[in-house]
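Morning, everyone. I have one structure for you today, and I'll keep it short. Here it is.

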Amino acid sequence: MVYSPVASVIFSVRNGGKTSAGDIGRLPVTVGQAASVVKASAQYGNPFSRTIKQGLRILNSDYVARNLGKVVKFASDNINPLIVVSSGIKVAMADKEQRKDVLIAEAGCLAGMFAGEGWMKKNLAKYLDKIPMNKKWIPILKGIVFVTGSITSSLIGEKIGKKVAEFFNGKPQEKSSAQAQTPIYNPLNYRA
């Protein structure tokens, strides 16, 4: 189920960026989210959506495209499991000595994302629908808030996961040399 076409657009662009940056496990997620955008766009009654519907009908008439379409449909129907698989790929590809830390951080990231998105799917609409603004802008606002909340909750979960990994390793992460040398407070130089 697509929460918001706007959110799907933003997520597909974001995951496309992750894929092009080397996170190959995000490729099926990107394809699935892009397919969700196309599917949602075809639901409207404007010339753009009619063109999409016509293109989808033509693709469905071709044997290879129809079978590729089944793969794409599977990806769009299973975004969250594919995100979990992409995290597993990230763990499997990590250096052996860092694998446990990456696993804990990824688990935190996923837990944060699922908790945040679950809360938003149940509660976000009742708060955003009360905002006094033109109702045609509410779906866009919902999409932006959903993406922001999802990313924020996954980042918080990842940070918690990294802290848990540090705790189990018995060592906090070392500060960079620039952080170690920079004092927190610099007294004002009155002579200048």
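First, a definition: a residue is called buried when its relative accessible area is under 20%. By that cut-off, buried residues make up 31% of the 192 residues in the protein chain. Keep in mind that this is a predicted model.

Now the surface. The protein chain exposes about 13,200 Å². Carbon and sulfur atoms supply 65% of that area.

Next, the fold. What does the secondary structure come to? Eight helices and zero strands. Along the sequence, the pattern reads α-α-α-α-α-α-α-α.

How about contacts along the chain? Take those between residues at least 6 apart in sequence. Of these, 62% join residues at least 24 apart.

Let's look at one helix pair. Two packed helices are described by the angle between their axes and the distance between the axes. Our pair is H2, residues 27-41, and H5, residues 79-93. Their axes lie 8 Å apart, and the packing angle is about 165°. Angles over 145 degrees count as roughly antiparallel, so H2 is roughly antiparallel to H5. The crossing of H2 past H5 is left-handed.

Which residues meet there? From H2, we have Pro28, Val29, Gly32 and Gln33. From H5, their partners are Ile79, Leu82 and Ile83.

To recap: eight helices, no strands, and an H2 and H5 pair packed at about 165°. Over to you for questions.

Definitions and conventions:
Residues are numbered from 1 along each chain as its sequence is written. This is a predicted model: local features need pLDDT of at least 70, side-chain atom pairs count only at pLDDT 80 or more; totals for chains, interfaces and linings use all residues. Side-chain values use heavy atoms; hydrogens and water are left out. Axes are lines fitted to C-alpha atoms, for helices over the stretch in contact, and angles run from 0 to 180 degrees between N-to-C directions. Helices (H or I, at least four residues) and strands (E, at least two) are DSSP runs, numbered from the N terminus. Angles under 35 degrees count as roughly parallel, over 145 as roughly antiparallel, 65 to 115 as roughly perpendicular and the rest as oblique. A crossing is left-handed if the near helix is turned anticlockwise from the far one by less than a right angle, and right-handed if clockwise. Contact means heavy atoms within 4.5 Å. Buried means under 20% relative accessible area, exposed over 50%, partly exposed in between (1.4 Å probe, protein chains only). Accessible areas come from the Shrake-Rupley method with a 1.4 Å probe; for residues, only the protein chains shown count as cover.
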